[in-house]
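Hi,

Here is the structure I promised to pass on.

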2 protein chains.
Amino acid sequence: MRLEILPVLGIGDVTEGDDLAALIATAAPWLHDGDVLVVTSKIVSKAEGRLVDVPADGPGRLAARDEVLAAETARVVATRGATRIVQTHHGFVMASAGIDASNVDKTRLVLLPKDPDASARALRAALRERYDLDVAVIVSDTMGRPWRNGLTDVALGVAGMPAIRDHRGEVDPYGNELHLTEMAVVDELAGAGELIKGKCDQVPVAVVRGYLTVTRDDDTGARELVRDAELDLFSLGTAEATAAGLAAAAVLPDGPGEAPVDPAAVRRAIAAVAGVVAPGAVFTHVTDDDVRAMLVAAVPRWPERATALVLGELPAPVDPADLVRFGADLQRLRTALAAEGVPSALLPPPAGSTASAALAL
Amino acid sequence: MRLEILPVLGIGDVTEGDDLAALIATAAPWLHDGDVLVVTSKIVSKAEGRLVDVPADGPGRLAARDEVLAAETARVVATRGATRIVQTHHGFVMASAGIDASNVDKTRLVLLPKDPDASARALRAALRERYDLDVAVIVSDTMGRPWRNGLTDVALGVAGMPAIRDHRGEVDPYGNELHLTEMAVVDELAGAGELIKGKCDQVPVAVVRGYLTVTRDDDTGARELVRDAELDLFSLGTAEATAAGLAAAAVLPDGPGEAPVDPAAVRRAIAAVAGVVAPGAVFTHVTDDDVRAMLVAAVPRWPERATALVLGELPAPVDPADLVRFGADLQRLRTALAAEGVPSALLPPPAGSTASAALAL
């Protein structure tokens, strides 16, 4: 058993309207049934006319590029300096939405294929119908990734095989069930193809031979590789998520939570803000039996839900500017509590208390 | 030109102290100079004795596993439910620090090799010295990645070749200089090796033949693939970064910034909190020529730096509880300004003003 990775040489420059199936079948008359074709997305885009005209240089080029990027962007994921990591309308997270200025005239930009799975299916179908070749097709592109330097080629589209090889449920020789073994084999195949493409000049198609015994059409394409943003632990850049946390703090909802409050979390929150609040401010965390009665008096609508009270004391006599500052400090504490997962509400002080304000938790 | 990917069959179970060079050279007497060996990290770990004993089940197993994970963790990157994405002491960002319970007795966990580059160098040296074989060695493991479903094999360690193939500075046929073409070829080679390992049962070593013509020792190993957290746009999980933003809001530093303030950013911040501040509160954004004079009066140490002032007005007569609430609202506004990148400081109202407080920007 072996796999072979072969370059398809002599395809030459591809332009709009070119027949990729004919170009490939002519350049590689040695193709077999079961071969996996790894096709660089750029020649798919060029053949499909996914090009836009832009000025060759100057500020007009940047403005035109920004406009193209905005049109290709479904959601901005992270930015730093000139870098824009975005999610495309396909769902791929890529720098500059995969827009490429290399291997094309200086006056044009190459966009990703509109629907790379459809492009792969069309090329597979054309090779089958017109050249009697039953191959799988992967449309590949080069991407960066978090945490690791260097780029790798991965799949944007696939036809004729599933994107993922699923070992879940299998049992290893020691009797352990395999849980995390959904392998993104089409990404590994795309990377394998890049190894031979990168060794030759201008080779846009590689063939992996020996991997498939039969092709199949009942797959869902590379779409299966796109993880929904809400399931992803890294749906936003760190700076963007931090800013989102700040923005959320600004509109922190008022209201105590349903769950019992962990006194340690409250102590940590008080400690977190201790260095920034006015020196005179004292936050007293009250958890004794009188709390419920005090809360009933202060906020009749929350007596059953709130489980603790933080009382804010200011030394007398109190200056109006000190009360404003104290309110700001209480909001800091509310924010620190929120960072600990503890919701809170700002209340007037309970009747009979010497405090200036109260937080119900 | 072609590449071949070949499985090394018959290695069998590896245990502590096993001589990997002997096992591989015996199982694959057909190895050539220039072959790239892709060795699953698990057999390296087992040979090196990187195993820990844990209970086979029950709560003791979970506790023991947590302890092992903590020891292997340099930094927690993201968590959700039972999932722990951490940065290891090597710098790799992986689920559970790469600790694995598959293909090993139920009473043991397999840790990553202590220094996978050193493991790769040692295996390469042993094959050269004792078997006269000049090969490159990649120590590989399976990892998930953000944004894309499915796992791929990547390199943890490498010897005999550089981890990255650098095309920067090369020029394409259209005269465009290639900027982003540092390819992580050892990751693509690791993935290519997985394609054949995954097709066979229990094949821990694959060989990629035809990729290298000569090996070299002047490389820096897979360490070169580790991006420093401070350079990474995704150094923290989205939820963790959002919480960090909340925590930062709680201890927002007091003080205006150096840069001129964008009035549009101030208007956006005021609009952001408009729905949550007390109905009576009015924030007036002042940018006229008297601002500097008011700031000089209020805060003599910032007259040159602050460029705008937000005045807070409350309807008279003012209740002490309203002043506290107003202070909290000003802190919300400060936080919204910070989310817009606008630093601020809470001040007493300038002399002669009818405001209850002021924010210097």
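Please keep in mind that this is a predicted model.

I started with a single residue, B:Asp329. Its relative accessibility is 1%, so B:Asp329 counts as buried, the cut-off being under 20%. B:Asp329 belongs to helix α9 of chain B, which covers residues 320-339. Setting aside neighbours within four places in sequence, its contacts are B:Val276, B:Val277, B:Ala278, B:Ala281 and B:Phe283.

Next, how the two chains are related.

Now to the interior. As background, nonpolar side chains in soluble globular proteins tend to be buried together. Here, the largest nonpolar core counts 58 residues, and A:Met161, A:Tyr211, B:Met161 and B:Tyr211 have the most contacts inside it. A second, separate core has 45 residues, including A:Ala336, B:Val273, B:Val277 and B:Ala336.

Two residues are handy for seeing how the chains meet. Leaving out neighbours within four places in sequence, A:Tyr211 is in contact with A:Leu3, A:Met161, A:Arg165, A:Val185 and A:Leu189, and also with B:Leu195 and B:Lys199 from the other chain. The other residue is A:Leu195, in helix α5 (residues 185-199) of chain A. With a relative accessibility of 0%, A:Leu195 counts as buried. Again not counting residues up to four places away, A:Leu195 touches B:Leu3, B:Arg165, B:Val185, B:Glu188, B:Leu189, B:Ala192 and B:Tyr211. Within its own chain, A:Leu195 lies 9.7 Å from A:Pro7, C-alpha to C-alpha, although 188 residues separate them in sequence.

Which residues of helix α7 (residues 263-273) of chain B are buried? They are B:Ala265, B:Val266, B:Ala269, B:Ile270 and B:Val273. These residues sit on the same side of α7(B), because they cover an arc of only 135° around the axis. On the face turned away from that buried side, B:Arg267 and B:Ala271 are exposed.

Strand β12 (residues 205-209) of chain A deserves a look too. Since 5 of its 5 residues are buried, β12(A) is largely enclosed by the rest of the structure. A:Val205, A:Val207 and A:Arg209 are on one side, A:Ala206 and A:Val208 on the other, and both faces are covered. β12(A) pairs in the antiparallel sense with strand β1 (residues 3-7) of chain A over 4 bridges, where A:Glu4 has A:Arg209 as its bridge partner. Strand β2 (residues 36-40) of chain A also pairs with β12(A) in the antiparallel sense, over 4 bridges, and A:Val39 stands opposite A:Val205.

Finally, chain A has an open sheet of 3 strands in the order β4-β5-β6, with antiparallel pairing. β4 (73-80) and β6 (93-95) of chain A are the edges; each has a single partner strand, so one side of each has no neighbour in the sheet. On average, neighbouring strands are turned by 30° against each other, direction ignored. Strand β5 (residues 83-88) and β6(A) are joined by 3 bridges, and A:Gln87 is the bridge partner of A:Val93. Helix α3 (residues 59-72) of chain A packs on this sheet, where it touches β4 and β5. The direction of α3(A) makes about 120° with that of β4(A).

Best wishes

Note on methods. Residues numbered from 1 in each chain as written. Chains lettered and ligands numbered in written order. Predicted model: local features only at pLDDT ≥ 70, side-chain atom pairs only at ≥ 80, totals over all residues. Heavy atoms only, no water. Helix = DSSP H or I, 4+ residues; strand = E, 2+ residues; numbered from the N terminus. Buried < 20%, exposed > 50% of the residue type's maximum accessible area, 1.4 Å probe, protein only. Contact = heavy atoms within 4.5 Å. Core = buried A, V, L, I, M, F, W, Y, C linked by side-chain atoms within 4.5 Å. Arc of directions from axis to C-beta. Pairing = 2+ DSSP bridges. Axes fitted to C-alpha atoms, helices over the stretch in contact; angles between N-to-C directions.
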